[in-house]
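Here is a short report on one protein chain.

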Amino acid sequence: FCYKPLASTVLMINGFVKRIFRMPTFNDLYYTEIGNANLKPERTWQYDLGFTLRKDFEQTIFRNFNLKVDGYYNQVTDKIVAYPTGQQFRWTMINLGKVRIGGVELSAHTDARISNVSLALHLQYTFQKACDYTNPDDEFYGDQIPYTPRHSGSVGFNAGWRGFDFNYSFIYTGERYNEQENNLYNYEQPWYTHDLSLSKNVMWGKCRVKITGELNNVFNQAYEVIHNYPMPGRNFKIS
């Protein structure tokens, strides 16, 4: 459904219901030490409802604004996930019998221009509750599935000027659990990073060359995406 309340504004409402059947991949089944040949296919009912709002501006520094909001609910049978078996460097693929996933995704984007400087800002946030409801007798019945944060988001900023391109990104991942049971022992702290990059397009003879410098994890945060696997601190890259 699409509606235009004003010439410069577009409101779109979307929704769907899907029945999805997904076979395990070859790697899921047979990859050395990780694959599980007994995996069952994954079956899902997906429900989604959301809207997108677009607004164009004239005679201002802002060019446009986009807002998208989606609410969803999934009922998954035999969900295929990677799961740590307790030994270092040893993961395997398993089925989770019944998983219920509900959440909201929100994203916003705007473009602007000041003289010959182009600017862009992108925001994204996700709330997701993904819980295991396989067996009511399990201690982890109704708990969040491993390594799935309830809150996550990102911020991206870009500025361009005379062939220079500057980018800033912020990524946030909320608290998670590294096992099926959500307790203090299995708790994984939230983590976030700030990253910067600057690039320049130059002509070298008849060739167009792009030179890029990156500064990642600007504040040298110590964090782990996976339990006991520390990620790099502040690091540089030139390409």
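## A partly exposed arginine and its partner

Arg54 is partly exposed, at 33% relative accessibility. Partly exposed is the range between buried (under 20% relative accessible area) and exposed (over 50%), with a 1.4 Å probe and protein chains only. Arg54 forms a salt bridge with Asp56, and their closest N and O atoms are 3.1 Å apart. A salt bridge here is a side-chain nitrogen of Lys or Arg within 4 Å of a carboxyl oxygen of Asp or Glu. Asp56 is partly exposed too, at 30% relative accessibility.

## Basis of the values

This is a predicted model, in which local features need pLDDT of at least 70, side-chain atom pairs count only at pLDDT 80 or more, and totals for chains, interfaces and linings use all residues. Residues are numbered from 1 along each chain as its sequence is written, and side-chain values use heavy atoms, with hydrogens and water left out.

## The other salt bridges

How many salt bridges does the structure hold? There are three. Side chains of opposite charge can pair when their charged atoms come close.

Helices (H or I, at least four residues) and strands (E, at least two) are DSSP runs, numbered from the N terminus. Glu42 is buried, at 9% relative accessibility. Arg22 is partly exposed, with a relative accessible area of 32%.

Another salt bridge links Asp70 and Lys68, at 4.0 Å from N to O. Asp70 is buried, with a relative accessible area of 9%. Lys68 is partly exposed, at 39% relative accessibility.

## Overall form

The chain has one helix and 15 strands. Its radius of gyration is 22 Å, well over the 18 Å that the globule rule gives for 239 residues, so the chain is more spread out than a compact globule. That radius is taken over C-alpha atoms, and the rule is 2.2 Å times the number of residues to the power 0.38. Along the principal axes, the C-alpha atoms fill a box of roughly 65 × 50 × 40 Å.

Buried residues make up 31% of the 239 residues. Of the contacts with a separation of 6 or more, 53% are between residues 24 or more positions apart. Contact means heavy atoms within 4.5 Å.

## Surface and charge

The chain exposes about 15,200 Å², and carbon and sulfur atoms supply 59% of that area. Areas come from the Shrake-Rupley method with a 1.4 Å probe; for residues, only the protein chains shown count as cover.

There are 25 positive and 23 negative side chains. The centres of the two sets lie 12 Å apart. Lys and Arg count as positive and Asp and Glu as negative, while His and the chain ends are not counted. Each charge is placed at NZ of Lys, CZ of Arg, CG of Asp or CD of Glu.

Asn186 sits in the loop between strand E9 (176-177) and strand E10 (187-188). Asn186 is buried, at 6% relative accessible area. Beyond its neighbours within four places in sequence, Asn186 contacts Arg176, Tyr177, Asn178, Glu179 and Glu181. Lys200 is 14 residues from Asn186 along the chain, yet their C-alpha atoms are separated by 45 Å.

Asn216 belongs to strand E12 (residues 207-216). Asn216 is buried, at 17% relative accessibility. Not counting residues up to four places away, Asn216 touches His194, Asp195, Gly233, Arg234 and Asn235.

Tyr223 lies in the loop between E12 and strand E13 (224-226). Tyr223 is buried too, with a relative accessible area of 14%.

## Positive phi

Most residues other than glycine have a negative phi. Asp78 has a positive phi, near 60 degrees. Asp78 lies in strand E4 (residues 62-84) and is buried, at 14% relative accessible area.

Ser115 also has a positive phi, near 55 degrees. Is Ser115 buried or exposed? Ser115 is exposed, with a relative accessible area of 67%. Ser115 is in the loop between strand E5 (91-114) and strand E6 (117-132).
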